[in-house]
Amino acid sequence: MKDYLQEALATFNSGMWYGWKTHDDSGNKIPNKDRMQYKYIKVIKDGATIPSEADVNAKIQELKDAETKLANDKTSGKAKLKAGQALTDDEITALFGA
């Protein structure tokens, strides 16, 4: 399964700027399977800041929308090729890469 949270976080600041807390604010150990949540982000690079949760969620939606568009362009591009119709630039990129 794709990790949209980490993919979105990588677009903020520069380089590897974040990590995950190992203990919550009460000092309780956070199980590994539960760590990768917005509330457990920690900054590990000087000068980096944690983006707002709204900004991260907007980036996640942008990534999902781009993925959906790519899948739709592949589907429509294949149908157009079978029908002998012209492809859009986005369909060409979706089907053939560059």
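Author: A patch is built from residues with over 30% relative accessible area and no salt bridge, joining like charges within 9 Å and nonpolar side chains (Val, Leu, Ile, Met, Phe, Trp, Tyr) within 5 Å. A salt bridge puts a side-chain nitrogen of Lys or Arg within 4 Å of a carboxyl oxygen of Asp or Glu. The model is predicted: local features need pLDDT of at least 70, side-chain atom pairs count only at pLDDT 80 or more, and totals for chains, interfaces and linings use all residues. Numbering starts from 1 along each chain as its sequence is written, and side-chain values use heavy atoms, without hydrogens or water.

Take the patch on the surface. Leu81, Ile92 and Phe96 form it, and it is nonpolar. Ile92 sits in helix H3 (helices are DSSP runs of H or I, at least four residues; strands are E, at least two; both are numbered from the N terminus). Ile92 has a relative accessible area of 32%, so it is partly exposed (buried is under 20%, exposed over 50%, partly exposed in between).

Now helix H2. It runs over residues 53-83 and has 31 residues. From first C-alpha to last it reaches 45 Å, close to the 45 Å expected at 1.5 Å a residue (1.5 Å times one less than the number of residues). Its buried residues are Val56, Lys59, Ile60, Leu63, Asp73 and Gly77. An α-helix has 3.6 residues a turn, so residues three or four places apart point the same way. The cover over the buried residues of H2 includes helix H1 (4-9) and helix H3 (89-96) (contact: heavy atoms within 4.5 Å). Just after H2, Gly84 takes a positive phi of about 75°.

Asn13 also has a positive phi, about 55°, though it is not a glycine. Its place is the loop between H1 and strand E1 (18-20). Asn13 is partly exposed, at 34% relative accessible area.

Last, the rings. There are 2 aromatic pairs (Phe, Tyr or six-membered Trp rings with centres within 6.5 Å; planes under 30 degrees apart are stacked, over 60 edge-to-face, the rest tilted). Trp17 and Tyr18 pair edge-to-face, 5.2 Å centre to centre, with 65° between the planes. Tyr18 and Trp20 have ring centres 5.6 Å apart and planes at 75°, so this pair is edge-to-face. Trp17 is buried at 0%, and Tyr18 at 4%. Trp20 is buried too.

Notes:
Buried means under 20% relative accessible area, exposed over 50%, partly exposed in between (1.4 Å probe, protein chains only). Accessible areas come from the Shrake-Rupley method with a 1.4 Å probe; for residues, only the protein chains shown count as cover.
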